[in-house]
Amino acid sequence: MALTLKERQEFLAQPHVAALSVAGGAGRGPLSIPIWYQYEPGSEPWLMTGADSRKLRLIKEAGRFTLMVQRSEPTTRYVSVEGSVSRIVPLTDELHVEMVKRYLSGDAVDHYLKQAAGFGDQVVVYLRPEHWLSADLGSA
């Protein structure tokens with residue numbers, strides 16, 4: 001059964017690891033990789049990536065990408081959101097901490113942020129939701 005807009009947004013707002021898919025270029029299938037993302041219902045999902053990454057280059061070339069999240073318990077449920085890039089901005093310390101605290105807690109936050117200092121320049125890519133797919137394949 002398809003989810004309502006409210007159910008899709010609430011599910012996407014949970015801290016799942018998403019699968020990001022973007023066109024992989026001529027003669028290649030899509031690039032599909034796991035990624036952290038941030039989302040609040042009614043806003044634009046965003047992710048962070050290296051300013052020199054293949055992922056960012058492909059997102060810029062395609063101008064769009066897809067995020068898909070899923071779970072298998074208590075029921076199999078998924079939400080996929082696809083759309084165009086609305087903006088790309090440099091990663092700020094505030095956004096970086098927000099993202100890391102979404103997925104980690106306690107000392108792991110500081111440990112990760114210290115390691116991330118060596119990752120090089122990062123950017124934030126915002127997705128303008130245009131197309132949604134979703135389903136819950138059982139009752140809770």
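Methionine 68 has serine 80 in strand β5 as its bridge partner. This is a predicted model, in which local features need pLDDT of at least 70 and side-chain atom pairs count only at pLDDT 80 or more, while totals for chains, interfaces and linings use all residues. Residues are numbered from 1 along each chain as its sequence is written, and side-chain values use heavy atoms, with hydrogens and water left out. Helices (H or I, at least four residues) and strands (E, at least two) are DSSP runs, numbered from the N terminus.

**The sheet**

- The open sheet has 6 strands in the order β2-β1-β4-β5-β6-β3, with antiparallel pairing, where two strands pair if DSSP finds at least two bridges between them.
- Strands β2 (31-35) and β3 (46-50) stand at the edges with a single partner strand each, so one side of each has no neighbour in the sheet.
- From one strand to the next, the twist averages 30°.

**Strand pairs**

- Strand β1 (residues 18-22) runs antiparallel to β2 and is joined to it by 5 bridges, and leucine 20 stands opposite isoleucine 33 in β2.
- Strands β4 (residues 64-71) and β5 (residues 77-90) pair in the antiparallel sense over 8 bridges, and a hairpin joins β4 to β5 through 5 residues.
- Strand β5 is also joined to strand β6 (residues 122-136), with 13 bridges in an antiparallel run; here valine 79 has serine 134 in β6 as its bridge partner.

**The helix pair**

- The axes of helix α3 (residues 93-103) and helix α4 (residues 107-116) come within 10 Å and cross at roughly 130°; axes are lines fitted to C-alpha atoms, for helices over the stretch in contact, and angles run from 0 to 180 degrees between N-to-C directions.
- This makes α3 oblique to α4, since angles under 35 degrees count as roughly parallel, over 145 as roughly antiparallel, 65 to 115 as roughly perpendicular and the rest as oblique.
- In contact (heavy atoms within 4.5 Å), His96, Val97, Val100 and Lys101 of α3 meet Val109, Tyr112, Leu113 and Ala116 of α4.

**Aromatic pairs**

- The structure holds 4 aromatic pairs, in which rings of Phe, Tyr and Trp (its six-membered ring) have centres within 6.5 Å, and planes under 30 degrees apart count as stacked, over 60 as edge-to-face and the rest as tilted.
- Tryptophan 36 and tyrosine 103 form a stacked pair, 4.7 Å centre to centre with 10° between the planes.
- Tryptophan 36 lies in the loop between β2 and β3 and tyrosine 103 in helix α3, so this pair ties together parts that are 67 residues apart in sequence.
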